[in-house]
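Please read it alongside the sequence and the structure.

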Amino acid sequence: MSEPMKLHARLAAPVEAVRRALTDAAELRVWLAEHAEVELPQRYEFWGRYTPEGDAPHQRPLHVDDETLRFAWTLDGVETTTEIRLRAESADSTILSLSQSHWDFADVISGAPRGVLQTYWYLSTANLALHLEGRPLLPKVDFTSAEMRSEILIDAPMAKVFTSLTDSEQASAWFGHPIGIEPWVGGRYAMGGFESGHAAKVVDLDPGRMVSVDWGPPGVMTWELAESEGKTKLTFVQSGFDEANPPYAGWAGSLSGLYELRRYNELADWQPMWLTEEPTVEPQTATTAG
């Protein structure tokens, strides 16, 4: 079995608020799932169209305390383990660390249910952050639908947003992963940078307004911008894929990126929420915050 998938994020909320959002069924129904029921330590369940294999709940709690929530989640007949750990960084900042077992990139390629777990948790964590901030959520992935279309409003000029979508340095910053972009029709769009060995192709571009990138079997991604009362409305569409096997994993990853795209354009002092590793928190800081 491969090493667990891990992510680390800094959330702008007290640890008590984050813990409540993770364990209160009513809050879970806002940012995570269509349906949720929680009676810890006996019950921790979520399901519905925004959950992989969400026809019924497939979770059971394994451990819960003030810092840790661990539960089993059966997907594609295999019992996986999800662990979420919280640490107070300050009175109004929490470090969330999540690990997920039984994720393998081969499952992403094959379209197996567990292949969505990495990007599912990135998108869910972004929506958790927005919920804690009291802001509108990003669209969730509907695992019962083959339609992949979303809209968000960004409080920034269109020209600024378009540049952040088509400039390699800026796109790499907010997406948190190197991206090489040649912003012209026929140019390369390379996740991992131009040296990664694989690149999609820019197939349409209207300067300042729209760009489309063809990824082959996963389909064509299109970002369309429009002015909306001094803000920018971004319409994001993925099309041209096999509707019998929708690329849910890639769609979830792309949606999660919209969180940092919006923050990158709106915040003068932007710093990424995602952390490459779990930072050290001084014991006295955590004690004071707690």
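The largest nonpolar core of this predicted model has 78 residues, and those with the most contacts inside it are Phe46, Trp121, Trp223 and Leu234. A nonpolar core is a set of buried Ala, Val, Leu, Ile, Met, Phe, Trp, Tyr and Cys residues joined through side-chain atoms within 4.5 Å; buried means under 20% relative accessible area, exposed over 50%, and partly exposed in between (1.4 Å probe, protein chains only). Helix 7 (residues 248-266) supplies the largest share of this core, nine residues.

**Basis of the description**
- Residues are numbered from 1 along each chain as its sequence is written, and side-chain values use heavy atoms, with hydrogens and water left out.
- The model is predicted: local features need pLDDT of at least 70, side-chain atom pairs count only at pLDDT 80 or more, and totals for chains, interfaces and linings use all residues.
- Helices (H or I, at least four residues) and strands (E, at least two) are DSSP runs, numbered from the N terminus.

- Six strands form an open sheet in the order 4-5-6-7-1-15, with antiparallel pairing; two strands pair if DSSP finds at least two bridges between them.
- At the edges are strand 4 (59-64) and strand 15 (274-275), each of which pairs on one side only.
- Helix 4 (residues 117-133) packs on the sheet and touches strand 1 (5-11), strand 5 (68-75), strand 6, strand 7 and strand 15.
- The direction of helix 4 makes about 10° with that of strand 1; axes are lines fitted to C-alpha atoms, for helices over the stretch in contact, and angles run from 0 to 180 degrees between N-to-C directions.
- Strand 6 (residues 78-90) and strand 7 run antiparallel and are joined by eight bridges.

**Glutamine 100**
- Glutamine 100 lies in strand 7 (residues 93-100) and is the bridge partner of threonine 82.
- Glutamine 100 counts as buried because its relative accessibility is 0%.
- Its side chain makes a polar contact with the side chain of threonine 80 (3.0 Å); such a contact is a pair of N or O atoms within 3.5 Å, and within protein one must be able to donate a hydrogen and the other to accept it, while residues adjacent in sequence count only if both atoms are side-chain atoms.
- The side chain of glutamine 100 also reaches the backbone oxygen of threonine 81 at 3.5 Å.

**Strands 8, 13 and 14**
- Strand 14 (residues 231-239) pairs in the antiparallel sense with strand 8 (residues 149-154) over six bridges and with strand 13 (residues 220-228) over nine bridges.
- Strand 13 and strand 14 form a hairpin with two residues between them, and glutamate 229 in the turn has a positive phi of about 55°.

**Helices 6 and 7**
- Helix 6 (residues 168-175) and helix 7 pack at an angle of about 110°, with their axes 8 Å apart.
- Helix 6 is therefore roughly perpendicular to helix 7, a term for angles of 65 to 115 degrees.
- Aspartate 167 caps the N-terminal end of helix 6, with a side-chain oxygen 3.2 Å from the backbone nitrogen of glutamate 169.
- Glutamate 260 lies in helix 7 and, at 1% relative accessibility, counts as buried.
- The side chain of glutamate 260 makes a polar contact with that of arginine 263 (2.6 Å).
- Not counting residues up to four places away in sequence, glutamate 260 touches Trp174, Trp270, Pro272, Met273 and Trp274, where contact means heavy atoms within 4.5 Å.

Technical notes:
Angles under 35 degrees count as roughly parallel, over 145 as roughly antiparallel, 65 to 115 as roughly perpendicular and the rest as oblique.
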